[in-house]
Protein chains: 2
Amino acid sequence: MAILSGIHPVVEALRAKRALERLLVAQGAGGPRLQEIIDLARRAAIPVRFEPRAALDRLAGTSAHQGVVAMGAAQKYTDLDGLAPCEMLVVLDGVEDPHNLGAIIRTAHAAGAGAVVIPERRAAGVTDVVAKAAAGAIEHLPVVRVTNINRALEELKQRGFWIYGLDERGAETYDQVEYASPAAVVLGGEGKACTSRCGSIATRWCAIPVAGPISSLNVSVAAGVMLFEWRRRRSKG
Amino acid sequence: MAILSGIHPVVEALRAKRALERLLVAQGAGGPRLQEIIDLARRAAIPVRFEPRAALDRLAGTSAHQGVVAMGAAQKYTDLDGLAPCEMLVVLDGVEDPHNLGAIIRTAHAAGAGAVVIPERRAAGVTDVVAKAAAGAIEHLPVVRVTNINRALEELKQRGFWIYGLDERGAETYDQVEYASPAAVVLGGEGKACTSRCGSIATRWCAIPVAGPISSLNVSVAAGVMLFEWRRRRSKG
């Protein structure tokens with residue numbers, strides 16, 4: 001269950017006609033902006049309940065909810081069988097930071113990916129922080145959650161995907177490797193190479209050469225560099 | 001004056017031998033990790049003072065400082081006159097989010113930029129949040145703070161820089177424009193085009209074409225895509 005709190009996030013969710021299951025308003029809270037939220041919710045037939053402030057504190061996990069908490073439908077995940085054919089998808093192996101996950105979903109969508117695959121464990125799920133960082137892309141790009149990334153890669157391979165992994169020790173560089181279609185681009189978690197975990201799958205490992213000895217890239221920036229190189233080459237034909 | 005608080009950030013700063021002016025420890029606080037901090041500070045000849053917890057709360061702006069607050073030297077900025085010659089630098093016009101600023105500094109350094117130029121106003125300064133997101137790049141890449149971005153661009157132009165601006169309405173695309181050297185790459189703030197503000201300077205505006213009608217990129221990811229395209233072309237000669 002997704003929890004939204006605070007006037008701005010809730011009013012935006014209502015305006016975007018997001019599926020909300022219930023709206024909780026703190027007893028005694030008021031004001032024109034809160035009234036607008038109540039009106040919007042009623043017009044959208046979303047049940048509104050007035051509850052003690054302490055109940056909202058508990059749900060929101062903070063007292064900074066400005067007297068309003070909305071409970072939304074949980075993020076819906078797709079499975080690999082439900083995926084439409086696509087030219088490229090992104091597989092994330094252990095991205096734990098929700099801002100990074102959101103930024104990668106946004107970037108993958110902008111680069112033309114057909115889906116993002118994430119593992120169930122040791123990774124961020126699609127929370128509201130992720131949705132916010134994804135800036136709307138979450139509504140358009142299927143997110144596939146799998147029990148085991150290695151098995152998912154094997155399945156993708158059987159379906160004809162070519163696997164390209166980003167790793168700083170990669171033998172090729174991201175701008176020289178020949179991208180075949182369809183492509184599954186594997187990105188590791190923050191600061192961790194994923195070669196070990198995906199090692200058994202035939203994967204072309206690519207590095208992004210950086211300037212200077214201590215340089216490195218944030219995983220969402222690295223995703224942008226690699227995915228837009230894929231896109232640039234594809235548009236060249 | 002940069003303020004660091006909490007055991008982990010302070011111990012890391014001490015281990016990295018960062019210039020700290022003073023260490024404040026809450027009266028009555030103790031434990032082996034705090035003792036390690038005190039020992040490290042004394043070995044580095046950094047003055048240690050024991051003060052009431054309320055004084056640390058005020059300085060840290062939070063009570064979650066675990067009994068230790070360090071005051072560091074303020075970030076040193078360079079000016080344009082002090083810059084070493086370089087092939088490319090990055091000019092930021094109003095990036096307000098400190099995580100974005102940090103990620104762009106990290107990315108600019110990794111792409112081989114010689115400096116990052118930021119305005120004094122309506123923008124994030126180099127705080128500890130920025131330094132953390134920059135993952136060490138802040139120690140290596142000069143940050144130039146200018147009163148007026150337009151005037152700085154005019155000065156760069158006079159010094160022979162070619163100005164390339166990233167803007168979604170740009171007439172050229174980032175992967176087709178011919179990059180001349182030295183290049184100043186101008187990036188606008190989050191979700192705001194900077195064409196209006198830098199409009200008077202002859203600038204080649206470039207767009208990053210994205211998939212789908214509503215797609216867009218986070219400014220630090222867009223920076224990565226454009227700067228690494230510059231780098232890719234440069235390495236091709």
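This is a predicted model: local features need pLDDT of at least 70, side-chain atom pairs count only at pLDDT 80 or more; totals for chains, interfaces and linings use all residues.
I take contact to mean heavy atoms within 4.5 Å, and with that rule I looked up how the two chains meet: 27 residues of chain A are in contact with 27 residues of chain B. Residues are numbered from 1 along each chain as its sequence is written, chains are lettered from A and ligands numbered from 1 in the order in which they are written, and side-chain values use heavy atoms, with hydrogens and water left out.

**Entry: the two copies**

**Entry: the buried area**

For buried area I use the accessible area (1.4 Å probe) that two parts lose on being put together, summed over both. Chain A and chain B bury about 2200 Å² between them, and 58% of this is on carbon and sulfur atoms. On the chain A side, A:R106, A:F228 and A:R232 lose the most area to chain B, together 24% of what that side buries.

**Entry: salt bridges**

I count a salt bridge where a side-chain nitrogen of Lys or Arg is within 4 Å of a carboxyl oxygen of Asp or Glu. The whole structure holds 20 salt bridges over all chains, and two salt bridges are found across the interface of chain A and chain B. Which residue of chain A does B:R232 meet in a salt bridge? The partner is A:E229, at 3.7 Å from N to O. B:R232 lies in helix α7 of chain B and A:E229 in helix α7 of chain A, so the pair joins two chains. Here helices (H or I, at least four residues) and strands (E, at least two) are DSSP runs, numbered from the N terminus.

**Entry: cavities**

A cavity, on a 1 Å grid over the protein atoms alone, is a set of points where a 1.4 Å probe fits but cannot get out, and its lining residues have an atom within 4 Å of a point. Grid points are joined across faces, edges and corners, and a volume is the space filled by probe spheres set on the points. My search of the whole structure gave three cavities of 30 Å³ or more, and the largest cavity holds about 60 Å³ of space. The lining of the largest cavity includes A:F228, A:E229, B:F228, B:E229 and B:R232. Two or more residues of that lining come from each of α7 (219-236) of chain A and α7 (219-236) of chain B, with α7(B) giving the most, four residues. I sorted the lining residues of the largest cavity into six nonpolar (Ala, Val, Leu, Ile, Met, Phe, Trp, Tyr, Cys and Pro), no polar (the others, Gly among them) and three charged (Asp, Glu, Lys and Arg).

**Entry: backbone**

Most residues other than glycine have a negative phi, and most peptide bonds are trans. The peptide bond from A:S181 to A:P182 is cis, with omega near -5 degrees, and A:P182 is in the loop between β9 (172-173) and β10 (183-188) of chain A. In chain B, a cis peptide bond joins B:S181 and B:P182, with omega about 0 degrees. A:Q66, which is not a glycine, has a positive phi near 55 degrees.

Conventions
On a 1 Å grid over the protein atoms alone, a cavity is a set of points where a 1.4 Å probe fits but cannot get out, and a pocket is an open set with protein on both sides within 12 Å along at least five of seven lines; lining residues have an atom within 4 Å of a point.
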